[in-house]
Amino acid sequence: MLLAVVLVAAAAAGTAAQDCATWSECRDRALDAAARQSYEEFHDFCWRAMQKGPRNDTGLMALLARAQSLSGRPHDALVMLERLSDLGVVTDAAESDDFRRVRALPGWADLTARIAGMPAGASGGPAEGPRAGTPAGRPAAGASSDDARSAPPTATEKTAGAAGVLEETSVAAGSEVLRIPLLPFTPSGLAHDAVSNRFIIGSRLDRKLTVVGEQSRRIANLAGPESAGFGEIAALSIDAREGDLWVVSTSGEPPSSRLHKLQLISGRLLYTVEPASGFEPAGFADVAVTPGSTVVVLDRIGRRVFRLAPDSRELQLAASLDLAEPASIAPASDAVAYVTNDRSVARVDFTSGSSRAVRAAPGIDLSGVAWIRWSRGALIAIQATDAGRYRIVRLTLDRGGRSVTALRVLAQDLAMSNPAAAVLSAGVLYYLTGAEGDADAAISRVAIR
């Protein structure tokens, strides 16, 4: 009833949002307006998205609540947050600066009391719709660091780069973001939901996803084997455009792997995809999303790459790899990706289905690279070093993307129980530190320069 009243009141909203044809276009324009801090336009486009979009879409509702608060309509935002709580959704309104006007209202105490009575696993955030919102100009969760501007190279970097190799020998470890008191677990993946200011951690043997608030430090279960059908979790990734959470897991003997699509805001399983008959056994080792929202899955056992097109539920074979035990995949575009194992890096062309080893300039060692992601013409990699430690490096590629021309160390001497527990989000690499079996762990960060 309250939502209907608010929707009627919105009929008189400005005409700036009248020219968006679909709800997704309205939402995308709303996010663009938010990035420019044009909050009145942000609000109007959000209303149009609500009017055109699916009924009770919690991602759109959460995005609208944020727009209402930022555009000077805190009472309307409070009504929308109450509606979300009725649907079992908790946003980041208690900690986000975007909702400070709402928290000043007398009705805020009643809302927080209601939320306090909800199950711990109900935690979520305003990220359900595609590219769901980063209103105050913050990048979308999991957004490619191609969207963030890198710092210009120093004179030393230019000279060293021209010679072929760039090494930084005195680099400190990254700064700690938060410490997590957890029971011993085996981390198997990390995602950063910048919209809701939270991290999602995969636990391989426990077969579950845990959510940790970046500011609140609140810990809650997001999904597990009972709710999502997980096997042993290998990796996870957020689609920045669509606001979906993708997880790969494996179980059974011979091994059977699955790709799980979850609603990011709630952890609800949407559907599961398995390899077609004839492609078993398979052991999915990594998952990533291209700029066009195609999901790419790396099969370690079959040495293959599968692709899942947007709105499809059928995995297609994209390439076969001449690479033993591939560990990580980094799509550079919808047509090209890079794959690594502990000895080399390969460039995969999805158009031809072929892969070729990436060459390295003299003095650059590509062995031990355990995890990679793409960033502005380079690969950001976590590389094993002596004595079981790791370092984070930037591998600069030539114009054709076929040779590594420079290497720069961004952080070194790191303790990691699993280098795959890392995520590149808006120009920052977050990674999980600590040895396997530790009673607690830390999420640290290093800026990608």
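Student: How many aromatic pairs does the structure hold?
Tutor: Rings of Phe, Tyr and Trp (its six-membered ring) pair if their centres lie within 6.5 Å. In this predicted model, local features need pLDDT of at least 70, side-chain atom pairs count only at pLDDT 80 or more, and totals for chains, interfaces and linings use all residues. Residues are numbered from 1 along each chain as its sequence is written, and side-chain values use heavy atoms, with hydrogens and water left out. The number of aromatic pairs is 5.

Student: Is the pair of Phe-279 and Phe-306 stacked or edge-to-face?
Tutor: Planes under 30 degrees apart count as stacked, over 60 as edge-to-face and the rest as tilted. The ring centres of Phe-279 and Phe-306 are 5.3 Å apart. Their planes stand at 85 degrees, so the pair is edge-to-face.

Student: How many residues apart in sequence are the parts that this pair ties together?
Tutor: Strands are DSSP runs (E, at least two residues), as are helices (H or I, at least four), numbered from the N terminus. Phe-279 lies in the loop between strand S9 (269-273) and strand S10 (284-289). Phe-306 sits in strand S12 (residues 304-308), so the parts tied together are apart by 27 residues.

Student: Is Phe-279 buried or partly exposed?
Tutor: Buried means under 20% relative accessible area, exposed over 50%, partly exposed in between (1.4 Å probe, protein chains only). Phe-306 has 0% and is buried. Phe-279 has 22% relative accessibility, so this residue counts as partly exposed.

Student: Which cysteine does a disulfide join to Cys-20?
Tutor: A disulfide is a pair of cysteine sulfur atoms within 2.5 Å. By this rule the count is 1. Cys-20 is buried at 2%. The S to S distance is 2.0 Å, and the partner is Cys-26.

Student: Why is the disulfide of Cys-20 and Cys-26 right-handed?
Tutor: The handedness goes with the torsion about the S-S bond. The disulfide is right-handed because that torsion is about 90 degrees.

Student: How far is the sulfur of Cys-46 from the closest cysteine sulfur?
Tutor: Cys-46 is buried, at 3% relative accessibility. The closest cysteine sulfur is in Cys-26. The distance is too far for a bond, at 9.6 Å.
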